[in-house]
Amino acid sequence: MKKVIATGKTIEDAVKSGLAQLNTTQDRVHVNVLEQPSKGFLGLIGTKEAKVELEKIPDPIEEAVLFLEELFDSMGLAISIDQKQTKDAHMFNLSGSELGILIGKRGQTLDALQYLVNIVANRYSNAHVRILLDAEQFRERRKQTLQELANRLAGRVTRSKKDLILEPMNAQERKIIHSELQSHPSVKTYSKGEEPSRRVVITLR
């Protein structure tokens, strides 16, 4: 429920009634006074209560969670969302029994969901909101896999003296490869190509 009409003896009473219905605070609503209270004839006959309309101001994070919950419900998935605020972003960690569907091949479905949920959140925010979506620590496991891959391939380039071009990766995964090998004594990395087919190249220093 995002909009209610409430009445009361005074404007203040009507607003309080509306806030109780919306289960929120006054700083989270727009108030539109529809009718002023009046005491009527001799203060008794024709007494009219105040009438106000309260519209809840959308919260970007709440809207993002609602979007995911409705999506999971439509897919018939029982997924819970654990929220955590970090310095740079809002972390949403998903947990449930069928997370493989949401993660997809190499996390591609999870990345797509993260892209969509950020669009939803920023539609309701004046300042940029950043949401990171994870599924039972998949991101950390994927990071470790990429770091191991980077070092293994760096060894291959060192031995063969030939450049290696990796499969296309998103910007976040390319950054992991670059960061892992930036201090490597024998190889260096750079990216080439256009999104979504941009790739990391490992070459000799």
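Helices here are DSSP runs of H or I with at least four residues, strands are DSSP runs of E with at least two, and both are numbered from the N terminus. By that scheme, asparagine 23 sits in the loop between helix 1 and strand 2. The model is predicted, so to speak of local features a pLDDT of at least 70 is needed, while side-chain atom pairs count only at pLDDT 80 or more and totals for chains, interfaces and linings use all residues. Residues are numbered from 1 along each chain as its sequence is written, and side-chain values use heavy atoms, with hydrogens and water left out.

Two strands count as paired if DSSP finds at least two bridges between them. Axes are lines fitted to C-alpha atoms, for helices over the stretch in contact, and angles run from 0 to 180 degrees between N-to-C directions.

Now look at the individual pairs. Strand 1 and strand 3 are antiparallel and share six bridges. Within strand 3, valine 52 is the bridge partner of alanine 6. Strand 2 also runs antiparallel to strand 3 (residues 50–56), joined by six bridges. Here glutamate 35 stands opposite lysine 51 of strand 3. In a regular strand, side chains alternate between the two faces of the sheet.

Not counting residues up to four places away in sequence, isoleucine 11 touches Val33, Glu35, Gln36, Pro37, Ala50 and Val52. The C-alpha atoms of isoleucine 11 and alanine 50 are separated by 5.5 Å, although these residues are 39 residues apart along the chain. Isoleucine 11 is partly exposed, with a relative accessible area of 24%. The scale is this: buried means under 20% relative accessible area, exposed over 50%, and partly exposed in between, with a 1.4 Å probe and protein chains only.

Next come some backbone exceptions. Most residues other than glycine have a negative phi, and most peptide bonds are trans. Asparagine 23 is not a glycine, yet its phi is positive, about 55 degrees. Asparagine 23 counts as exposed, at 69% relative accessibility. Arginine 106 also is not a glycine and has a positive phi of about 55 degrees. Its place is the loop between helix 3 (99–103) and helix 4. Arginine 106 is partly exposed, with a relative accessible area of 32%. The peptide bond from glutamate 195 to proline 196 is cis, with omega near 5 degrees. Proline 196 lies in the loop between strand 8 (187–192) and strand 9 (199–204).

Another open sheet of three strands has the order 4-5-6, with mixed pairing. Strand 4 (79–85) and strand 6 are its edge strands, each pairing on one side only. The twist averages 25 degrees from one strand to the next. Strand 5 (residues 90–96) and strand 6 run parallel, joined by five bridges. Leucine 132 in strand 6 is the bridge partner of methionine 91. Helix 4 packs on this sheet, touching strand 5 and strand 6, and its direction makes about 145 degrees with that of strand 6.

Finish at the largest pocket. On a 1 Å grid over the protein atoms alone, a pocket is an open set of points with protein on both sides within 12 Å along at least five of seven lines, and lining residues have an atom within 4 Å of a point. About 510 Å³ of space lies in the largest pocket. Of the 20 residues that line it, Arg139, Glu140, Lys143, Gln172 and Ile176 are the closest to its centre. Helix 4 (108–123), strand 6 (131–135), helix 5 (138–160) and helix 6 (171–181) each give two or more residues to the lining. Helix 5 supplies the largest share, six residues.

Terms used:
On a 1 Å grid over the protein atoms alone, a cavity is a set of points where a 1.4 Å probe fits but cannot get out, and a pocket is an open set with protein on both sides within 12 Å along at least five of seven lines; lining residues have an atom within 4 Å of a point. Grid points are joined across faces, edges and corners, and a volume is the space filled by probe spheres set on the points. Contact means heavy atoms within 4.5 Å.
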